[in-house]
Amino acid sequence: GMIEVRNKVNFDDIENFGKYYIPGIAEVASLIEEDKEKVYEYTNVGNVVGVVSNGTSLLNFKKSACAEATYTVMEGLAAVINKFSGVSAMPFVVSTENKEEFVNTVKNIYKSFGMIILEDISSPASIEIEEELQGLGIPVIDTNRYGNAIVTLSALINIAKKVNIDLQNSKVGIIGFGSKSVGICRMLKAYGVEEIIAADLKEDAVARMEKYGAVPASFNEVMNKSNIVIAASRVAGLIKFGMVKQNQIILALSKPNPEIEPEIAMKAGALYAVDGKKLSPLLAVPGLIKGTMLARAKEITTQMMITAAEAIAQLAEDGAILPQLFDKDLHEKVAEAVKQAAIDDGMANLWEI
């Protein structure tokens, strides 16, 4: 495995044993019984993130993954979060595809964590689950959706500067309106992009467009009318050479294979093109988590995520649209920005600010 749990204290003699276990722990429990908020002061709960999944949208699996395979991937994600954020991320697999069972399970175990992140849950269930879990008193966020959304906004901020366009006044077209696209749409709307059209063949996806501010359109309309095309359809090769319009910006985000290879899009006349391999949500997730936890925020606001996106964009080296995952200070700088945004938003719960 990739992770383990270690003690922060040593039971190296009878005195320490009594201090940290019995009778010492009984005194701590009594204090927390009187004031539940003291759990953050006397325990590690404020530094523990639950990485929760049911494996219904795991990697490129054609169907729901078994609990064991799901745990493997969640353990890997936990290891990455531990490495880059310094918090303790723990995998938690919920073996059900029933939305209500999943929600109730999380509601029954969330007190063991300072934050819950949802991963690799198929849409629309992932959207509904996240919405139903708001208001628990700790942050709950689908990091696949909003990690991708933050990094997509970061990339577009720098692409717009690179090719000298006004992002907020550009017409954005989205192909495929699942969970990832919902996050991107919400992020762009909050950033000030007014014109967003979207194409998807599913009726429930069209209903989501109307809910989150995108205007339903056909695939051809998206390709013909958009200055910026964001594809998250999970259909490799969907965008053909002849469909690309001159001076379009194309983000083909499906993995492992994009809707169109960036090199082909550029040859077809795109002003700029990039695929999902370059836009890793892990550029955003560790800093977002750490900043939120440092602020002890009860939820993650849109402004906290926009602030994270702007911080990531500013940290890209000259000529690049995004920093690298191992860039020095990346995750610390994002965490600092997110913490300050939480304070500015009135979301922080600190003893002294």
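**Reading local features**

Author: Ser 170 touches Ile 165, Val 193, Glu 195, Asn 227 and Ile 228, leaving aside residues up to four places away in sequence; contact here means heavy atoms within 4.5 Å. This is a predicted model, in which local features need pLDDT of at least 70 and side-chain atom pairs count only at pLDDT 80 or more, while totals for chains, interfaces and linings use all residues. Residues are numbered from 1 along each chain as its sequence is written, and side-chain values use heavy atoms, with hydrogens and water left out.

Reader: Where is the place of Ser 170, and does it count as buried or exposed?

Author: Ser 170 is in the loop between α7 (143-163) and β5 (171-175); helices (H or I, at least four residues) and strands (E, at least two) are DSSP runs, numbered from the N terminus. Its relative accessibility is 6%, so Ser 170 counts as buried, a term for under 20% relative accessible area, with exposed over 50% and partly exposed in between (1.4 Å probe, protein chains only). A polar atom of the Ser 170 side chain lies 2.7 Å from the backbone oxygen of Asp 166.

Reader: How is the packing of two helices described?

Author: Two packed helices are described by the angle between their axes and the distance between those axes. Here α8 (residues 179-191) and α13 (residues 302-314) pack at about 85°, with axes 10 Å apart. The axes are lines fitted to C-alpha atoms, for helices over the stretch in contact, and angles run from 0 to 180 degrees between N-to-C directions. The angle therefore makes α8 roughly perpendicular to α13, the class for 65 to 115 degrees (under 35 is roughly parallel, over 145 roughly antiparallel, the rest oblique).

Reader: Which residues in α8 and α13 meet?

Author: Met 187, Ala 190 and Tyr 191 in α8 meet Thr 302, Met 305, Ile 306 and Glu 310 in α13.

Reader: Which residues does a cis peptide bond join?

Author: One joins Ile 22 and Pro 23, with omega about 15°; another joins Ser 123 and Pro 124, with omega about 5°. Pro 23 lies in the loop between α1 (14-20) and α2 (24-34), and Pro 124 in the loop between β3 (115-118) and α6 (125-132).

Definitions and conventions. Polar contact = N/O pair within 3.5 Å; in protein donor to acceptor, adjacent residues only side chain to side chain.
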